[in-house]
Amino acid sequence: MKKNIRPGIILPKDTFFYTISLESRQGLTREMLELHYPVPKGRKVYMGNHVEYKGFKNALISVEAKLSDGSENILYLHVGLTELDIACTCGMPGEKLCFHGFMTLHNLAWFRRLELEDYYWPGIVDDDKIKDKFLTTEVTKNWIKITPKEKYGNIFKSNIGFAERERFSLTTPAKTLAFPHGGQEAIAYCIAYNLGEHHVHLPILMACLGITSKQGNDIVSFKQFNHQKKLIPNVSYTANQQMLNTISLQQHDIAKRQYGMAGEEKKQESQSLKQAMLTLWEQAIPLLLKERYIYRYYTYWLRYLRSKPRKSDMRDCKYSLERPVLSFQLKMYQDHFALEAIVTVNGNPLQFKNKPPLFVFDKATDLIYLMASVQDDDLLRWMLLHNNRLTILKQHFREFQDTFFAELSTFYLVHFIDPNSKKIEPYDYNNITNYLSM
Ligand SMILES: [Zn+2]
């Protein structure tokens, strides 16, 4: 009996280790153990056994076993990635798991699965100097606790990884490109639009890969649009950007369909396409407010949209969550009336002469506003096509009222400028009739 083994001694090279393979991570249950030894019958053999942890050196857990049959041995346990190796001071004759080994492990796994993962520290516990540098080892009779020293935090285990890593799963990194420093790739979002009467397309959102300025607060060069046909490769988008990209691709589809239609077909379907586009923009603007690089891009013709935007056609822009209110103003002259559309936000008129579909770009604040409805937009665009002025001769006003204005003035607020008092008051046809006969 080798009772007085000095702690830390390395066992002879030819020491026999019996191996039990560990299936579910590094744990051993009594059921697993009982496959390796003819299970002794009766209760007596399991009583009066004293098993004590002694130490953890040279990657070996030593356990003293004083069993009721009078035997006294030290068991050495070595925990591998998928196996537990057991040596006994009895030498395990016949290279089979000995009674001491069985009874000791049986005892250690008495209450529950014997957890062995805490002893598995590849590259660390094999050398006690390294072990003592990184790990704290507490040994009591009943347990051994091995924990990383506080200053090393969570130590990576080869083949296993970090403790508790399974608590969360990683998805697309949230901030890879969100707040880059200068001179880095970043995703910018621009509203691609044009103006005019012909070849005008519905504005669409485009993602664009660019390079940031030194301070990182601007994009100095634009490399590539994110097209359905040609996606920007190898970019980690944030969740916010992924939502914007989905919207962008849907908008591109709608704009292409609307743009390609002609004549009667266009009239009928374009209203529903325009509504779909407005809805997508309603979803996009709150997301765009979270983005750092926002621009507007003048496209000329959508079908000639380049794969790479031209810097000179790119402008800064800011979105507002406010929706403009459309109203009208009626003014009376000597022989005619003039009707004008007014777009306000919180009572303040926006300043613009021209507008792309669905939006108003305010010159005074540089803010971009999404129109409240397709109908508002249609009306406003129609007014703007004609210099924002409808002229009605006095003698035609009654007919204008009956055929168009009565309806318009019930849906929209109309201000009338009284020619005498110069006061602005809500339009009322009954008050106008006095002037009509004049
Ligand atoms: Zn033995």
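What follows goes through domains, sheets, cores and backbone angles in turn.

Q: What kind of model is this?
A: This is a predicted model.

Q: Which domains does the assignment give for the protein chain?
A: A domain assignment comes from an automatic method or a database. Here the assignment gives domain 1 (18-167), domain 2 (185-316) and domain 3 (325-436).

Q: How many Å separate the centres of domain 2 and domain 3?
A: Taken over C-alpha atoms, the centres of domain 2 and domain 3 are 31 Å apart. The contact takes 16 residues from domain 2 and nine residues from domain 3.

Q: Which elements give two or more residues to the side of domain 2 that touches domain 3?
A: They are β10 and α5 (263-288). The helix α5 gives the most to that side, with eight residues. By class, the side of domain 2 that touches domain 3 holds 10 nonpolar, three polar and three charged residues.

Q: How should I read a nonpolar core, and which residues touch the most other members of the largest one?
A: In general, nonpolar side chains in soluble globular proteins tend to be buried together. The largest nonpolar core here has 45 residues, and A188, C190 and M206 touch the most other members. Strand β10 supplies the largest share of this core, eight residues. Domain 2 and domain 3 both give residues to this core, so it lies between them.

Q: Which residues is A188 in contact with, leaving aside its neighbours within four places in sequence?
A: With those neighbours left aside, A188 is in contact with C208, G210, I219, Y293 and Y295. There is also a second, separate core of 33 residues, and its members include V63, I86, F99 and M103.

Q: How many bridges join β10 to β13?
A: Strand β10 (residues 185-193) and strand β13 (residues 294-298) run parallel and are joined by five bridges. For Y189, the bridge partner in β13 is I294.

Q: Which strands form the antiparallel open sheet?
A: Five strands form it, in the order β1-β6-β5-β4-β3. At its edges stand β1 (18-21) and β3, each with a single partner strand, so one side of each is left without a neighbour in the sheet. With direction ignored, neighbouring strands of this sheet are turned by 25 degrees against each other on average.

Q: How many bridges pair β1 with β6?
A: Strands β1 and β6 (residues 83-88) pair in the antiparallel sense over four bridges.

Q: How many residues lie between β8 and β9 in their hairpin?
A: The hairpin of β8 and β9 has four residues between the two strands. Strand β8 (residues 135-139) pairs with strand β9 (residues 144-148) in the antiparallel sense over five bridges. Within this pairing, T136 stands opposite T147 in β9.

Q: What should I look for in the backbone angles?
A: Most residues other than glycine have a negative phi. N58 has a positive phi of about 50 degrees although it is not a glycine. N388 likewise has a positive phi, of about 55 degrees, and is not a glycine.

Q: Where does N58 lie, and where does N388 lie?
A: N58 lies in the loop between β3 (50-57) and β4 (60-66). The loop that holds N388 runs between α6 (374-385) and β21 (390-393).

Q: Why does N58 count as partly exposed?
A: N58 has 18 C-beta neighbours inside 10 Å, so it counts as partly exposed. N388 has 17 C-beta neighbours inside 10 Å and therefore counts as partly exposed.

How values were computed: Residues numbered from 1 in each chain as written. Predicted model: local features only at pLDDT ≥ 70, side-chain atom pairs only at ≥ 80, totals over all residues. Pairing = 2+ DSSP bridges. Core = buried A, V, L, I, M, F, W, Y, C linked by C-beta atoms within 7 Å. Buried ≥ 20, exposed ≤ 12 C-beta atoms within 10 Å, placed from the backbone. Contact = placed C-beta atoms within 7 Å. Nonpolar A, V, L, I, M, F, W, Y, C, P; charged D, E, K, R; others polar. Axes fitted to C-alpha atoms, helices over the stretch in contact; angles between N-to-C directions.
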